[in-house]
Amino acid sequence: MLDDESLLFLFLIFLVSLGIAFTLIPRVPPRLHTPLMSLTNAVSAVTLLGAFLVFAVATTWLETILGGLAVVAA
């Protein structure tokens, strides 16, 4: 079970990575779009598996909600 500090730290990492992604993705040249999208799809599949694992072993309502949101987001 995650304590409040760990959960806050993971949420901050998520927010920072989201900001970096929204900053970098529009700057990708069209020539690199297809290779990067195939890599992104592979990363998304791994993220989805991790989200299923979090959702499956959730012990609190907060973990259940966050796992469900991770499944929907992935």
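Predicted model: local features only at pLDDT ≥ 70, side-chain atom pairs only at ≥ 80, totals over all residues.
Residues are numbered from 1 along each chain as its sequence is written, and side-chain values use heavy atoms, with hydrogens and water left out.

Let me start with the overall form. The protein chain has three helices and zero strands, where helices (H or I, at least four residues) and strands (E, at least two) are DSSP runs, numbered from the N terminus. The C-alpha atoms fill a box of roughly 45 × 20 × 15 Å along the principal axes.

How much of the chain is buried? Of its 74 residues, 4% count as buried, and buried here means under 20% relative accessible area, with exposed being over 50% and partly exposed in between, using a 1.4 Å probe and protein chains only. Leucine 15, for instance, which sits in helix α1, residues 4–24, is partly exposed, since its relative accessible area is 39%.

Now to the largest pocket. By pocket I mean, on a 1 Å grid over the protein atoms alone, an open set of points where a 1.4 Å probe fits, with protein on both sides within 12 Å along at least five of seven lines, and its lining residues have an atom within 4 Å of a point. The lining consists of 31 residues, and Phe14, Ser17, Leu18, Thr47 and Ala73 lie nearest the centre. The elements giving two or more residues to this lining are α1, α2 (33–56) and α3 (61–73), and α2 gives the most, with eleven residues.
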